[in-house]
Amino acid sequence: MSSQAPNRARVIPLRPPSARPGVPVSSPVPAASRPAAREPLWRDLIGDVLRRERQAQERTLKDVADSARISMPYLSEVERGRKEASSEVLAAAAQALGLSLGDLLSQAQGELVRLAGRHPARSRATPASQYDGLCLAA
C-alpha cells in the first residue's frame, strides 16, 4: 500500500471572492491584510462603454450583434467583461454603434482615468521596481 497525497488543484481566482456574485465568502479577510484596490480590467471598461452606448441608443443586443456580424451571446459576454474581444470584433461592434474604434477606446480610457483617480497613485519618485518606465508585454 502506498500513501498518496490527495490530488488538489490550486485555484487562483481572477477576482476577489467578494467581487464574484453567487460565491459565498468563507472567512472575512481583515482590512489590514487585504490587497490594495486594483485598477479595473480593460475588458470591463470596454464592455461598460459598449453596453452604455447600446442602451443610450435604445438598441437590443440582437440588433447590434447582427449589424456587427458577431454572435449575440459573444457580444453579451464582451459587454459583461467576460471575454477579451479582438480589435476586429471591437471595431465591428463600435461601427455598429456608430462609433470609431478610436472613439470606443477613448471613452474607455476616460473611464479608466476617472476610476483610477479615486485611488491614490504611487509616486513616480519611488518606483515599485528597478525599472522606471513603461513596459508592455504580449
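This is a predicted model: local features need pLDDT of at least 70, side-chain atom pairs count only at pLDDT 80 or more; totals for chains, interfaces and linings use all residues.
**View 1. The buried face of helix α3 (residues 72-79).** Leu75, Ser76, Val78 and Glu79 are the buried residues of this helix. Viewed along the axis of α3, they fall within an arc of 160 degrees, so they line one face of the helix. An α-helix has 3.6 residues a turn, so residues three or four places apart point the same way. The packing partners of the buried α3 residues are α1 (42-56), α2 (61-68) and α4 (87-96).

**View 2. The two ends of helix α3.** At the start of the helix, a side-chain oxygen of Ser71 comes to within 3.2 Å of the backbone nitrogen of Tyr74. Just after α3, Gly81 adopts a positive phi of about 75 degrees.

View 3. Leaving aside residues up to four places away in sequence, Tyr74 touches Lys83, Glu84, Ala85 and Val89.

**View 4. Helix α4 and its packing partners.** Val89, Leu90, Ala92, Ala93, Ala94 and Ala96 are buried in α4. Val89 is also one of the residues touched by Tyr74. The buried residues of α4 pack against α1, α2, α3 and α5 (101-116). Just after α4, Gly98 has a positive phi of about 80 degrees.

Technical notes: Residues are numbered from 1 along each chain as its sequence is written. Side-chain values use heavy atoms; hydrogens and water are left out. Buried means under 20% relative accessible area, exposed over 50%, partly exposed in between (1.4 Å probe, protein chains only). Helices (H or I, at least four residues) and strands (E, at least two) are DSSP runs, numbered from the N terminus. The arc is that of the directions from the helix axis to the C-beta atoms. Contact means heavy atoms within 4.5 Å. A polar contact is a pair of N or O atoms within 3.5 Å; within protein, one must be able to donate a hydrogen and the other to accept it, and residues adjacent in sequence count only if both atoms are side-chain atoms.
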